[in-house]
Amino acid sequence: MASLSCKRCGAPLTVDPESLITVCDYCGFPNVIGGDFSSEQVYVVPSQPREAVVNRFMEVARSDPQLSRFSDVEILEVSGAYFPAWYATLKASVTASWYTTVWEQRGKTMVSRRVLHQDKRVYSRRVFLPAKRRIPSEPIRDVLASYTVKTGKVVTLSQEDFDWEKIKLEFLGVEIGRLEALRIMADKFVDALRDEYRGRGESLDFFSAQITDTLDLTLLYVPVWTVSYVVNDSVYTAIFDGNDLSCVYRSEPLTSTERIMRFSMGIMLSLISGPLFAATATLAGFESSLLFLGMLGLAGYSITKSSIESARVEKA
């Protein structure tokens, strides 16, 4: 362990050698102590304080049509952290060709022919990459992704006049550096463009993409708050964007009415699967009807299974 001093108030910092940013226990100022960049190159989306998160959760609970039916909602834990992510605007020059099939009427018959399409253009897109190799959950990734389009106030870690003390959130470590982030983002951008062109037709004839420019590469820390709460002796979770307090994810208890409806739907699908299988076999053949029966059975199983689970998921 190494002993350092806070750059703002001079209080001692006890840090882990692998830490990138350590928050001062006295004034809340985040100190950059590692990495290949300075505090002027790291940006932070300001977070709302814990009290605001609690109030927002209670507001969501009261306004939700299902959750508001429960009178014993109790907050178990509220925790927040700053998650790091790289953001950049990438430009790519794309040349591509692909085939589609068109059907034409010729006399009394329909004939098909393959048509070759060609395209050449430049794409510009805002992309992001979590700076940690493992993101705990999909909702947190959704919060990070939203900042490719969100605009608002950000501060640098060198801004000492910001009221850091009222937040004191943990800054999670950066595991992906600048150069690696650029390479990964470029590869993902090219892969996404290739998939888009593949979706335009039956087959992709040719595809080439070259990254021509990278703009505004930024390491941004985004605040995420998690609220754990208890209803009927079971624990559920809600996740909030720490800046605008939008609820991006929450698990909720199922009411008795919802359980009965889901169970009834599952039973109904099971009862009608036999007659539907017979009808489909007559009209479309045995193989098609077997596939249809499998899909119907899976749907019935999923709905019935959901009726005995304790929670459902709401996403933004």
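Predicted model: local features only at pLDDT ≥ 70, side-chain atom pairs only at ≥ 80, totals over all residues.
Both Tyr-229 and Tyr-236 are buried. Their rings also form a tilted aromatic pair, with 5.8 Å between the centres and 35° between the planes.

## The whole protein

Start with the totals. The protein has 316 residues, and 39% of them count as buried. Its secondary structure comprises 5 helices and 13 strands. The exposed surface comes to about 17700 Å², of which carbon and sulfur atoms supply 53%.

Next, follow the chain through strands E10, E11 and E12. Strand E10 covers residues 203-231. Strand E11 covers residues 234-241, and strand E12 covers residues 247-253.

E10 and E11 run antiparallel and are joined by 8 bridges.

Ile-239 has Tyr-249 of E12 as its bridge partner. Ala-238 is bridged to Arg-250, also in E12. Here the hairpin has 5 residues between the strands. Leu-245 sits in this turn and has a positive phi of about 60°.

How many residues of strand E12 are buried? The count is 7 of 7, and the strand is mostly covered.

In a regular strand, side chains alternate between the two faces of the sheet. Keep that in mind when you trace these strands in the viewer.

## The nonpolar cores

In soluble globular proteins, nonpolar side chains tend to be buried together. The largest nonpolar core here has 62 residues. Which of its members touch the most other members? They are Phe-171 and Phe-240. Strand E6, residues 74-106, gives the most to this core, with 9 residues. Another core lies apart from it and has 17 residues, including Val-45, Phe-83, Leu-144 and Val-224.

Look at Phe-240 in detail, leaving aside its neighbours within four places in sequence. Its contacts include Val-53, Arg-56, Phe-57 and Val-60. They also include Pro-223, Val-224, Trp-225 and Val-227. Leu-245, Ser-246 and Cys-247 are in contact with Phe-240 as well. Leu-245 is the turn residue with the positive phi, in the hairpin of E11 and E12.

## Aromatic rings and charges

A pair of aromatic rings is described by the distance of the centres and the angle of the planes. The count for this protein comes to 8 aromatic pairs. Two of them are set out below.

| Aromatic pair | Centre to centre | Angle between planes | Class |
|---|---|---|---|
| Tyr-197 and Phe-207 | 5.9 Å | 55° | tilted |
| Tyr-229 and Tyr-236 | 5.8 Å | 35° | tilted |

Why does the pair of Tyr-197 and Phe-207 tie together separate parts of the chain? Tyr-197 lies in helix H3, residues 178-198, and Phe-207 lies in strand E10, so the pair joins parts that are 10 residues apart in sequence.

Are these two residues buried or exposed? Buried means under 20% relative accessible area. Tyr-197 has 1%, so it is buried. Phe-207 has 16%, so it is buried too. Both belong to one aromatic cluster, together with Trp-98 and Tyr-123.

Charges also sit over rings. The charged end of Arg-200 lies over the ring of Tyr-197, 4.2 Å from its centre. Arg-114 lies over the face of Tyr-99, at 4.2 Å from the ring centre.

## Near the start of the chain

Ala-11 lies in the loop between strand E1 (2-5) and E2. Its relative accessibility is 11%, so Ala-11 counts as buried. Leaving out residues up to four places away in sequence, Ala-11 touches Leu-4, Ser-5, Cys-6, Cys-24 and Tyr-26. Ala-11 and Asp-25 are 14 residues apart along the chain, and their C-alpha atoms are separated by 8.3 Å.

Thr-14 lies in strand E2, residues 12-15. Is Thr-14 buried or exposed? Its relative accessible area is 58%, so Thr-14 is exposed. Thr-14 and Leu-4 are 10 residues apart in sequence, and 6.4 Å apart from C-alpha to C-alpha.

Definitions and conventions
Residues numbered from 1 in each chain as written. Heavy atoms only, no water. Core = buried A, V, L, I, M, F, W, Y, C linked by side-chain atoms within 4.5 Å. Buried < 20%, exposed > 50% of the residue type's maximum accessible area, 1.4 Å probe, protein only. Helix = DSSP H or I, 4+ residues; strand = E, 2+ residues; numbered from the N terminus. Contact = heavy atoms within 4.5 Å. Pairing = 2+ DSSP bridges. Phe/Tyr/Trp six-rings, centres within 6.5 Å; stacked < 30°, edge-to-face > 60°. Lys NZ or Arg CZ within 6 Å of the ring centre and 35° of its normal. Areas by Shrake-Rupley, 256 points an atom, 1.4 Å probe, with all protein chains shown as cover.
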